[in-house]
Amino acid sequence: MRHFFTILGHEVRMLLVSPGTYVAAVFFLAVMGFIFAGILKSYSSAPQEMSPAQVFFQLFWIPVLFLVPALTMKCLAEERRLGTIETLLTTPISTAEVVLGKFGAAYLLYLALWASTGGFFYILGRFAGDARFLDAGPLAGGYLFVAVSGLFFVAVGVFASSLSRNQAVASILAFAMLFGLIVGVRYLADLQALQTGVLQPVKTAVEYAQVFTHLDDFSRGIVDTSQVLFYLSGTALALIFSILGVEAKLLHS
């Protein structure tokens with residue numbers, strides 16, 4: 001992995017000079033700002049049971065479905081479309097280093113954009129003058145969940161990018177995979193077909209993959225190692241499939 005940091009640094013620079021990155025960042029902050037303003041409006045009109053941080057992170061999936069595809073759609077699809085990945089891999093750089101470098105750059109930017117939303121809570125704490133609005137537990141747990149789950153989400157986006165030469169197709173694939181993982185699994189557990197004894201193992205697996213349940217636990221300060229393992233193992237599998245996908249495409253090109 002000698003060339004990993006070289007690839008990582010190059011990809012970070014490419015993301016920072018790409019207009020698409022700033023469009024995605026502005027869109028992300030605008031959406032999150034709109035959500036945060038709506039939360040504060042509801043708190044100003046009537047008392048709420050949950051803290052603003054808990055409500056804020058409950059809606060994490062909305063920007064994730066659009067932000068992750070925007071950050072990852074170019075990483076491998078564009079390289080394949082331009083034919084530069086073949087040239088890159090003729091050097092002593094391995095496929096794993098290329099994929100991990102691109103994944104690392106997208107993940108760092110993902111973290112940076114989420115970290116920038118901390119400014120909303122800083123402004124709230126600065127001007128609200130009420131400590132009840134800033135519950136440190138849900139706030140820290142929410143950001144920890146974003147960091148851990150983001151590994152898997154970004155890896156899924158990279159995998160989607162490895163499947164196509166077209167950025168738009170890669171973006172749609174990433175959106176569909178993330179929607180199924182975050183939203184689809186939530187409603188899959190309610191299917192009556194899974195209530196039978198024969199499909200009980202499937203129901204158990206579906207409940208284990210409930211992202212919103214994980215968020216609730218993190219927000220309450222419960223960091224379950226099995227949940228962390230779910231995201232880490234999912235990340236590893238998605239990246240392995242990305243590496244295999246790139247190598248398979250090279251063999252058939």
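Trainee: Does Val 55 count as buried, partly exposed or exposed, and which is it at 22% relative accessibility?

Mentor: Keep in mind that this is a predicted model, and that Val 55 is found in helix H3, residues 52-58. Buried means under 20% relative accessible area and exposed means over 50%, with partly exposed in between. Because Val 55 has a relative accessibility of 22%, the class that applies to this residue is partly exposed.

Trainee: How far apart in space are Val 55 and Phe 36, C-alpha to C-alpha?

Mentor: Along the sequence, Val 55 and Phe 36 are 19 residues apart. In space, going from C-alpha to C-alpha, the distance between Val 55 and Phe 36 is 8.9 Å.

Trainee: Which element of the protein chain has the highest mean pLDDT?

Mentor: The protein chain as a whole averages a pLDDT of 84, and 88% of the residues score at least 70. Among the elements, the lowest mean, 70, belongs to helix H6 (residues 84-88), while the highest, 93, belongs to residues 95-116, which form helix H7.

Trainee: How many helices and how many strands does the protein chain have?

Mentor: Read from the N terminus on, the elements run α-α-α-α-α-α-α-α-α-α-α-α-α. The secondary structure therefore comes, with the DSSP runs taken as helices and strands, to 13 helices and 0 strands.

Trainee: What span should helix H1 (residues 4-17) have, and how far apart are its end C-alpha atoms?

Mentor: Helix H1 has 14 residues, and at 1.5 Å a residue these should span 20 Å.

Trainee: Do the buried residues of H1 lie on the same side or on opposite sides, and what arc do they cover around the axis?

Mentor: The buried residues of H1 are Phe 4, Ile 7, Leu 8, Glu 11 and Leu 15. They are on the same side of H1, because the arc that they cover around the axis is only 100°.

Trainee: Which exposed residues are carried by the face of H1 turned away from its buried side?

Mentor: Exposed residues are those over 50% relative accessible area. On the face of H1 turned away from the buried side, they are Phe 5, Thr 6, Arg 13 and Val 17.

Trainee: Which element gives the largest share of the lining of the largest pocket?

Mentor: The largest pocket has a volume of about 460 Å³, and its lining is made of 21 residues, with Glu 11, Met 14, Leu 15, Lys 74 and Cys 75 nearest the centre. The lining divides into 11 nonpolar, 5 polar and 5 charged residues. The largest share, 5 residues, comes from H1.

Methods
Residues numbered from 1 in each chain as written. Predicted model: local features only at pLDDT ≥ 70, side-chain atom pairs only at ≥ 80, totals over all residues. Heavy atoms only, no water. pLDDT = per-residue confidence, 0-100. Helix = DSSP H or I, 4+ residues; strand = E, 2+ residues; numbered from the N terminus. Expected span 1.5 Å × (residues − 1). Buried < 20%, exposed > 50% of the residue type's maximum accessible area, 1.4 Å probe, protein only. Arc of directions from axis to C-beta. 1 Å grid on protein atoms, 1.4 Å probe; cavity = no way out; pocket = protein on both sides within 12 Å on 5 of 7 lines; lining within 4 Å. Points joined across faces, edges and corners; volume = space filled by probe spheres on them. Nonpolar A, V, L, I, M, F, W, Y, C, P; charged D, E, K, R; others polar.
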